[in-house]
Amino acid sequence: MTTRYRRHPELRLTALEGEGVVLHLGTRRYFSVSESGLALLEALETARTADDLARALTARYTVTLEHAAASVGAFLERCRGLDVLLVDREP
Amino acid sequence: MTPAIAVQCAHADVAAAVRAWLARSRLEPSAPVTLAIEVGDPELVGSDERAAFWQPGVVVRAGPPQGGVRIAWETAPAVADLPPGATTARVVLSAAAAARIEECLRTFMLTVLVLLLRRIGWHHIHAAMALDPQERGWLIAGNAEAGKSTTAALLASCGWAVGTDDVSFLTGQGGAVSAIAYRTPIALRPGGRRLVQRVAAAGGVLLPERRKVGYWPEELGGRWISRVEPEVIMFTSVGTGGAVTEAEPLGQRETLIELIRWSAWVILESELAEQHLALLTALARQARSYRVTLGRDLFARPARLAELVA
(Lines give C-alpha, C1' and ligand atoms only; values in the text may rest on other atoms or scores of the structure.)
Protein backbone atom coordinates (compact mmCIF):
# COMPACT_ATOMS: atom_id res chain seq x y z
CA MET A 1 0.00 0.00 0.00
CA THR A 2 1.39 3.39 -1.04
CA THR A 3 0.01 6.51 0.59
CA ARG A 4 0.31 9.79 -1.26
CA TYR A 5 -0.58 13.20 0.07
CA ARG A 6 -1.67 16.34 -1.74
CA ARG A 7 -2.48 19.69 -0.32
CA HIS A 8 -6.13 20.68 -0.26
CA PRO A 9 -6.99 22.69 -3.40
CA GLU A 10 -8.62 25.35 -1.26
CA LEU A 11 -5.31 26.27 0.41
CA ARG A 12 -3.61 29.55 -0.41
CA LEU A 13 0.00 29.98 0.70
CA THR A 14 2.10 33.04 1.17
CA ALA A 15 5.69 33.44 2.35
CA LEU A 16 6.91 36.20 4.65
CA GLU A 17 10.30 36.51 6.34
CA GLY A 18 11.07 32.92 5.47
CA GLU A 19 7.92 31.61 7.12
CA GLY A 20 4.46 31.01 5.82
CA VAL A 21 0.84 31.90 6.30
CA VAL A 22 -1.79 29.45 5.10
CA LEU A 23 -5.36 30.39 4.29
CA HIS A 24 -7.85 27.54 4.00
CA LEU A 25 -10.80 28.79 1.97
CA GLY A 26 -12.72 25.59 2.61
CA THR A 27 -12.66 25.69 6.39
CA ARG A 28 -12.27 29.48 6.54
CA ARG A 29 -9.31 29.13 8.87
CA TYR A 30 -5.82 30.52 8.67
CA PHE A 31 -2.59 29.75 10.46
CA SER A 32 1.13 30.25 10.24
CA VAL A 33 3.70 27.60 9.42
CA SER A 34 7.46 27.36 9.75
CA GLU A 35 9.78 27.69 6.78
CA SER A 36 10.05 23.91 6.45
CA GLY A 37 6.28 23.52 6.82
CA LEU A 38 5.79 25.98 3.99
CA ALA A 39 8.33 24.09 1.88
CA LEU A 40 6.41 20.85 2.46
CA LEU A 41 3.05 22.42 1.60
CA GLU A 42 4.55 23.88 -1.57
CA ALA A 43 5.89 20.44 -2.50
CA LEU A 44 2.45 18.96 -1.88
CA GLU A 45 0.97 20.78 -4.86
CA THR A 46 1.48 17.39 -6.49
CA ALA A 47 0.90 14.04 -4.78
CA ARG A 48 3.87 12.86 -2.70
CA THR A 49 4.65 10.03 -0.34
CA ALA A 50 6.09 10.67 3.11
CA ASP A 51 9.42 9.37 1.79
CA ASP A 52 9.29 11.87 -1.09
CA LEU A 53 8.74 14.65 1.39
CA ALA A 54 11.57 13.52 3.67
CA ARG A 55 13.96 13.43 0.71
CA ALA A 56 12.77 16.93 -0.30
CA LEU A 57 13.72 18.16 3.17
CA THR A 58 17.18 16.57 3.03
CA ALA A 59 17.73 18.22 -0.35
CA ARG A 60 16.88 21.61 1.12
CA TYR A 61 18.27 21.43 4.65
CA THR A 62 21.30 19.82 6.28
CA VAL A 63 19.44 17.06 8.09
CA THR A 64 19.65 13.28 8.14
CA LEU A 65 16.98 11.28 6.35
CA GLU A 66 15.92 9.84 9.72
CA HIS A 67 15.45 13.31 11.23
CA ALA A 68 13.62 14.52 8.11
CA ALA A 69 11.29 11.51 8.21
CA ALA A 70 10.43 12.26 11.84
CA SER A 71 9.72 15.91 10.96
CA VAL A 72 7.54 14.88 8.04
CA GLY A 73 5.62 12.46 10.26
CA ALA A 74 4.91 15.21 12.80
CA PHE A 75 3.96 17.61 10.02
CA LEU A 76 1.51 15.16 8.44
CA GLU A 77 -0.04 14.48 11.82
CA ARG A 78 -0.62 18.19 12.40
CA CYS A 79 -2.02 18.58 8.89
CA ARG A 80 -4.59 15.84 9.48
CA GLY A 81 -6.10 17.88 12.31
CA LEU A 82 -6.35 20.95 10.10
CA ASP A 83 -7.95 19.21 7.13
CA VAL A 84 -5.33 20.58 4.76
CA LEU A 85 -4.33 17.35 2.99
CA LEU A 86 -5.98 14.94 0.61
CA VAL A 87 -4.83 11.35 0.99
CA ASP A 88 -4.70 8.79 -1.83
CA ARG A 89 -4.03 5.15 -0.97
CA GLU A 90 -2.90 2.83 -3.78
CA PRO A 91 -2.71 -0.93 -3.37
CA MET B 1 -19.18 61.54 -16.83
CA THR B 2 -20.78 58.24 -15.82
CA PRO B 3 -20.37 57.66 -12.07
CA ALA B 4 -18.09 54.74 -11.25
CA ILE B 5 -20.79 53.32 -8.96
CA ALA B 6 -23.93 53.31 -11.08
CA VAL B 7 -27.37 52.90 -9.54
CA GLN B 8 -30.22 51.34 -11.50
CA CYS B 9 -33.47 51.59 -9.58
CA ALA B 10 -37.01 52.41 -10.67
CA HIS B 11 -38.13 53.25 -7.13
CA ALA B 12 -37.51 57.00 -6.93
CA ASP B 13 -37.13 57.32 -3.17
CA VAL B 14 -34.81 54.32 -2.86
CA ALA B 15 -32.76 55.48 -5.85
CA ALA B 16 -32.38 58.96 -4.35
CA ALA B 17 -31.36 57.56 -0.97
CA VAL B 18 -28.80 55.20 -2.50
CA ARG B 19 -27.29 57.91 -4.70
CA ALA B 20 -27.07 60.30 -1.75
CA TRP B 21 -25.39 57.60 0.35
CA LEU B 22 -22.83 56.90 -2.39
CA ALA B 23 -22.16 60.61 -2.85
CA ARG B 24 -21.55 61.00 0.89
CA SER B 25 -19.11 58.08 0.86
CA ARG B 26 -16.97 59.87 -1.78
CA LEU B 27 -15.78 56.55 -3.17
CA GLU B 28 -14.41 56.85 -6.68
CA PRO B 29 -13.62 53.35 -7.95
CA SER B 30 -11.18 53.04 -10.80
CA ALA B 31 -13.57 50.78 -12.74
CA PRO B 32 -17.35 50.87 -13.04
CA VAL B 33 -19.62 48.78 -10.84
CA THR B 34 -23.40 48.78 -10.69
CA LEU B 35 -26.05 48.41 -8.02
CA ALA B 36 -29.19 47.16 -9.80
CA ILE B 37 -31.94 47.52 -7.22
CA GLU B 38 -35.58 46.61 -7.32
CA VAL B 39 -38.24 46.78 -4.66
CA GLY B 40 -40.11 43.50 -4.72
CA ASP B 41 -40.23 40.10 -3.07
CA PRO B 42 -36.81 38.78 -1.99
CA GLU B 43 -38.38 35.34 -1.46
CA LEU B 44 -38.62 34.94 -5.23
CA VAL B 45 -34.82 34.95 -5.51
CA GLY B 46 -34.81 31.41 -4.13
CA SER B 47 -33.10 29.75 -1.20
CA ASP B 48 -29.39 29.28 -0.67
CA GLU B 49 -28.19 26.33 1.40
CA ARG B 50 -24.49 27.17 1.39
CA ALA B 51 -22.60 27.67 4.63
CA ALA B 52 -23.26 31.08 6.12
CA PHE B 53 -20.80 33.74 7.12
CA TRP B 54 -22.46 35.91 9.75
CA GLN B 55 -22.06 39.64 10.19
CA PRO B 56 -24.25 41.70 12.55
CA GLY B 57 -27.65 41.58 10.86
CA VAL B 58 -26.24 40.32 7.57
CA VAL B 59 -25.72 36.78 6.27
CA VAL B 60 -23.26 36.07 3.47
CA ARG B 61 -23.09 32.82 1.50
CA ALA B 62 -20.46 32.07 -1.10
CA GLY B 63 -18.66 29.32 -2.93
CA PRO B 64 -19.79 26.18 -4.78
CA PRO B 65 -21.92 24.92 -6.29
CA GLN B 66 -23.27 28.07 -7.91
CA GLY B 67 -20.32 30.33 -7.06
CA GLY B 68 -20.60 34.04 -6.50
CA VAL B 69 -21.98 35.60 -3.34
CA ARG B 70 -25.48 35.88 -1.85
CA ILE B 71 -26.05 38.52 0.83
CA ALA B 72 -29.21 38.62 2.94
CA TRP B 73 -30.43 41.17 5.46
CA GLU B 74 -31.97 39.83 8.65
CA THR B 75 -33.64 43.02 9.87
CA ALA B 76 -36.10 43.17 6.96
CA PRO B 77 -36.22 40.93 3.89
CA ALA B 78 -33.57 41.93 1.37
CA VAL B 79 -31.27 39.87 -0.82
CA ALA B 80 -28.37 40.64 -3.13
CA ASP B 81 -26.70 38.35 -5.62
CA LEU B 82 -23.24 38.80 -7.04
CA PRO B 83 -22.72 36.17 -9.75
CA PRO B 84 -19.14 34.97 -10.30
CA GLY B 85 -17.06 37.68 -11.93
CA ALA B 86 -19.96 40.12 -12.21
CA THR B 87 -19.51 43.80 -11.47
CA THR B 88 -23.24 44.28 -11.05
CA ALA B 89 -25.00 43.41 -7.81
CA ARG B 90 -28.66 42.41 -8.25
CA VAL B 91 -30.47 43.64 -5.15
CA VAL B 92 -34.07 42.95 -4.17
CA LEU B 93 -35.44 44.96 -1.26
CA SER B 94 -38.78 44.19 0.31
CA ALA B 95 -41.10 47.12 0.95
CA ALA B 96 -40.19 46.77 4.64
CA ALA B 97 -36.50 47.08 3.81
CA ALA B 98 -37.15 50.06 1.55
CA ALA B 99 -39.03 51.71 4.40
CA ARG B 100 -35.89 51.42 6.53
CA ILE B 101 -33.56 52.53 3.78
CA GLU B 102 -31.02 54.45 5.90
CA GLU B 103 -30.51 51.47 8.22
CA CYS B 104 -30.48 49.20 5.19
CA LEU B 105 -27.73 51.30 3.55
CA ARG B 106 -25.59 51.37 6.68
CA THR B 107 -25.57 47.61 7.19
CA PHE B 108 -26.85 45.46 4.31
CA MET B 109 -26.03 47.70 1.35
CA LEU B 110 -22.61 48.53 2.75
CA THR B 111 -21.84 44.81 2.82
CA VAL B 112 -23.11 44.50 -0.76
CA LEU B 113 -20.90 47.41 -1.79
CA VAL B 114 -17.88 45.95 0.01
CA LEU B 115 -18.24 42.64 -1.84
CA LEU B 116 -19.01 44.36 -5.14
CA LEU B 117 -15.91 46.57 -4.96
CA ARG B 118 -13.85 43.47 -4.28
CA ARG B 119 -14.57 42.52 -7.89
CA ILE B 120 -12.50 45.49 -9.07
CA GLY B 121 -9.63 44.89 -6.65
CA TRP B 122 -10.77 47.03 -3.71
CA HIS B 123 -10.52 44.90 -0.58
CA HIS B 124 -12.24 45.97 2.62
CA ILE B 125 -10.45 46.23 5.94
CA HIS B 126 -11.90 47.16 9.32
CA ALA B 127 -9.58 50.06 9.94
CA ALA B 128 -9.39 53.76 10.55
CA MET B 129 -7.13 55.61 8.15
CA ALA B 130 -5.10 58.78 8.65
CA LEU B 131 -2.14 60.82 7.45
CA ASP B 132 0.22 62.21 10.09
CA PRO B 133 1.97 65.60 9.93
CA GLN B 134 5.06 63.87 8.45
CA GLU B 135 2.83 62.67 5.57
CA ARG B 136 2.96 59.05 6.69
CA GLY B 137 -0.12 56.97 6.09
CA TRP B 138 -1.60 55.13 9.08
CA LEU B 139 -4.09 52.32 9.45
CA ILE B 140 -5.63 51.58 12.85
CA ALA B 141 -7.29 48.18 12.70
CA GLY B 142 -9.47 46.37 15.17
CA ASN B 143 -12.99 45.56 16.22
CA ALA B 144 -15.75 47.89 17.38
CA GLU B 145 -14.24 48.07 20.87
CA ALA B 146 -10.66 48.69 19.76
CA GLY B 147 -10.70 52.48 20.19
CA LYS B 148 -10.44 53.22 16.46
CA SER B 149 -13.02 56.03 16.44
CA THR B 150 -11.76 57.73 19.59
CA THR B 151 -8.20 57.55 18.28
CA ALA B 152 -9.30 58.91 14.89
CA ALA B 153 -11.09 61.80 16.62
CA LEU B 154 -8.06 62.48 18.78
CA LEU B 155 -5.76 62.53 15.74
CA ALA B 156 -8.12 64.83 13.84
CA SER B 157 -8.17 67.14 16.87
CA CYS B 158 -4.36 67.33 16.57
CA GLY B 159 -4.61 68.45 12.95
CA TRP B 160 -4.06 65.09 11.27
CA ALA B 161 -5.90 64.23 8.09
CA VAL B 162 -8.40 61.45 8.77
CA GLY B 163 -10.19 59.47 6.08
CA THR B 164 -12.40 57.13 8.07
CA ASP B 165 -12.78 55.70 11.54
CA ASP B 166 -13.86 52.22 10.47
CA VAL B 167 -14.16 51.31 6.79
CA SER B 168 -11.17 51.35 4.44
CA PHE B 169 -10.45 49.64 1.16
CA LEU B 170 -7.02 48.34 0.18
CA THR B 171 -5.92 48.40 -3.41
CA GLY B 172 -2.65 47.91 -5.25
CA GLN B 173 -1.36 50.69 -7.43
CA GLY B 174 2.07 50.96 -9.00
CA GLY B 175 3.53 48.32 -6.71
CA ALA B 176 2.34 50.05 -3.53
CA VAL B 177 -0.71 49.30 -1.44
CA SER B 178 -3.08 52.21 -0.90
CA ALA B 179 -5.89 52.56 1.60
CA ILE B 180 -9.03 54.34 0.44
CA ALA B 181 -11.51 55.86 2.85
CA TYR B 182 -15.25 55.34 2.96
CA ARG B 183 -16.27 58.72 4.31
CA THR B 184 -18.60 58.68 7.27
CA PRO B 185 -18.61 60.79 10.42
CA ILE B 186 -16.26 59.66 13.17
CA ALA B 187 -18.77 58.03 15.50
CA LEU B 188 -18.11 58.52 19.21
CA ARG B 189 -19.81 57.06 22.24
CA PRO B 190 -20.37 59.32 25.26
CA GLY B 191 -17.11 58.11 26.87
CA GLY B 192 -15.07 59.04 23.84
CA ARG B 193 -16.81 62.40 23.53
CA ARG B 194 -15.87 63.34 27.07
CA LEU B 195 -12.25 62.43 26.56
CA VAL B 196 -11.51 64.20 23.30
CA GLN B 197 -11.58 67.79 24.52
CA ARG B 198 -12.00 69.48 21.18
CA VAL B 199 -15.17 67.47 20.59
CA ALA B 200 -16.91 69.55 23.25
CA ALA B 201 -16.66 72.60 21.02
CA ALA B 202 -17.77 70.79 17.86
CA GLY B 203 -21.43 70.27 17.13
CA GLY B 204 -21.55 66.76 15.83
CA VAL B 205 -24.45 64.92 14.28
CA LEU B 206 -26.59 62.70 16.46
CA LEU B 207 -26.57 59.07 15.27
CA PRO B 208 -29.44 57.85 17.47
CA GLU B 209 -29.68 54.37 15.97
CA ARG B 210 -26.02 53.80 16.88
CA ARG B 211 -26.21 55.71 20.19
CA LYS B 212 -23.28 57.79 19.07
CA VAL B 213 -22.52 61.28 17.85
CA GLY B 214 -20.73 61.72 14.52
CA TYR B 215 -18.05 64.31 13.78
CA TRP B 216 -16.33 65.15 10.53
CA PRO B 217 -12.54 65.47 10.81
CA GLU B 218 -12.87 69.12 9.75
CA GLU B 219 -15.07 69.86 12.78
CA LEU B 220 -12.34 68.56 15.04
CA GLY B 221 -9.54 70.63 13.56
CA GLY B 222 -8.29 68.11 11.03
CA ARG B 223 -9.09 67.52 7.39
CA TRP B 224 -10.47 64.67 5.37
CA ILE B 225 -8.26 62.57 3.11
CA SER B 226 -9.42 60.04 0.57
CA ARG B 227 -6.32 57.87 0.16
CA VAL B 228 -3.00 57.10 1.83
CA GLU B 229 -0.18 54.63 1.34
CA PRO B 230 0.06 53.04 4.80
CA GLU B 231 3.49 53.18 6.41
CA VAL B 232 2.28 52.47 9.93
CA ILE B 233 -0.32 49.93 11.02
CA MET B 234 -1.63 49.70 14.55
CA PHE B 235 -3.73 46.82 15.83
CA THR B 236 -5.30 48.45 18.83
CA SER B 237 -7.12 47.45 21.97
CA VAL B 238 -8.24 49.57 24.88
CA GLY B 239 -6.25 48.91 28.03
CA THR B 240 -8.26 47.81 31.03
CA GLY B 241 -7.31 50.27 33.74
CA GLY B 242 -3.92 50.84 32.12
CA ALA B 243 -2.87 54.46 32.16
CA VAL B 244 -0.04 54.24 29.67
CA THR B 245 -0.23 53.60 25.95
CA GLU B 246 2.16 50.86 24.88
CA ALA B 247 3.23 49.53 21.49
CA GLU B 248 4.82 46.20 20.62
CA PRO B 249 6.41 45.88 17.17
CA LEU B 250 5.11 43.01 15.05
CA GLY B 251 6.94 40.93 12.47
CA GLN B 252 5.58 40.60 8.96
CA ARG B 253 4.05 37.19 9.58
CA GLU B 254 2.21 38.35 12.70
CA THR B 255 1.12 41.43 10.77
CA LEU B 256 -0.31 39.34 7.97
CA ILE B 257 -2.23 37.16 10.43
CA GLU B 258 -3.74 40.32 11.95
CA LEU B 259 -4.53 41.79 8.54
CA ILE B 260 -6.37 38.61 7.56
CA ARG B 261 -8.35 38.87 10.78
CA TRP B 262 -9.49 42.41 10.01
CA SER B 263 -9.91 41.89 6.28
CA ALA B 264 -11.95 38.76 6.74
CA TRP B 265 -13.60 38.65 3.30
CA VAL B 266 -10.28 37.28 2.07
CA ILE B 267 -11.70 33.80 2.69
CA LEU B 268 -14.53 34.26 0.18
CA GLU B 269 -14.46 33.43 -3.53
CA SER B 270 -11.30 31.51 -4.36
CA GLU B 271 -10.82 33.43 -7.62
CA LEU B 272 -10.48 36.66 -5.63
CA ALA B 273 -8.83 35.28 -2.50
CA GLU B 274 -5.42 34.96 -4.11
CA GLN B 275 -5.35 38.61 -5.18
CA HIS B 276 -6.69 39.70 -1.80
CA LEU B 277 -4.08 37.66 0.09
CA ALA B 278 -1.30 38.99 -2.14
CA LEU B 279 -2.43 42.54 -1.34
CA LEU B 280 -2.42 41.87 2.40
CA THR B 281 1.02 40.26 2.09
CA ALA B 282 2.34 43.31 0.21
CA LEU B 283 0.90 45.57 2.91
CA ALA B 284 2.55 43.50 5.66
CA ARG B 285 5.87 44.10 3.87
CA GLN B 286 5.19 47.76 3.15
CA ALA B 287 4.27 49.03 6.62
CA ARG B 288 5.74 48.89 10.11
CA SER B 289 3.19 47.31 12.39
CA TYR B 290 2.50 47.40 16.09
CA ARG B 291 0.14 45.85 18.58
CA VAL B 292 -0.96 48.81 20.67
CA THR B 293 -2.69 48.99 24.01
CA LEU B 294 -4.35 52.38 24.28
CA GLY B 295 -4.10 54.14 27.63
CA ARG B 296 -5.67 57.27 29.01
CA ASP B 297 -2.37 59.15 28.75
CA LEU B 298 -3.09 59.57 25.05
CA PHE B 299 -5.80 62.15 25.72
CA ALA B 300 -3.36 64.46 27.47
CA ARG B 301 -0.49 63.63 25.11
CA PRO B 302 -1.75 62.51 21.70
CA ALA B 303 1.77 62.91 20.28
CA ARG B 304 2.75 59.77 22.20
CA LEU B 305 1.23 57.64 19.48
CA ALA B 306 3.63 59.02 16.87
CA GLU B 307 6.52 58.90 19.36
CA LEU B 308 5.95 55.16 19.89
CA VAL B 309 6.60 54.47 16.22
CA ALA B 310 9.36 57.04 15.69
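The model is predicted, so local features need pLDDT of at least 70 and side-chain atom pairs count only at pLDDT 80 or more, while totals for chains, interfaces and linings use all residues. Residues are numbered from 1 along each chain as its sequence is written, chains are lettered from A and ligands numbered from 1 in the order in which they are written, and side-chain values use heavy atoms, with hydrogens and water left out.

I start with the sheet. Chain B has an open sheet of 7 strands, in the order E1-E2-E7-E6-E5-E4-E3, with mixed pairing. Strands here are DSSP runs of at least two residues (E), helices are runs of at least four (H or I), and both are numbered from the N terminus. Two strands pair if DSSP finds at least two bridges between them. E1 and E3 (52-55) of chain B are at the edges with a single partner strand each, so one side of each has no neighbour in the sheet. On average, neighbouring strands of this sheet are turned by 20° against each other, direction ignored.

Now E1(B), residues 5-9. Of its 5 residues, 4 are buried, meaning under 20% relative accessible area with a 1.4 Å probe, protein chains only; over 50% is exposed, and in between is partly exposed. E1(B) pairs with E2(B), residues 33-39, in the parallel sense over 5 bridges. In E2(B), B:Val33 is the bridge partner of B:Ile5, and B:Ala36 that of B:Gln8.

Next, the helices. H3(B), residues 101-117, packs at an angle of about 65° against H1(B), residues 12-25, with the axes 11 Å apart. Axes are lines fitted to C-alpha atoms, for helices over the stretch in contact, and angles run from 0 to 180 degrees between N-to-C directions. Among the residues that meet are B:Trp21 of H1(B) and B:Met109 of H3(B), where contact means heavy atoms within 4.5 Å. H3(B) also packs on the sheet, and its direction makes about 170° with that of E5(B), residues 69-73.

Last, chain A. Where does A:Leu13 sit? Its place is in strand E2 of chain A, residues 11-16. A:Leu13 counts as partly exposed because its relative accessibility is 23%. Leaving out residues up to four places away in sequence, A:Leu13 touches several residues, including A:Arg7, A:Leu38 and, in chain B, B:Leu277. A:Ser32 is 19 residues from A:Leu13 in sequence and 9.6 Å from it in space, C-alpha to C-alpha.
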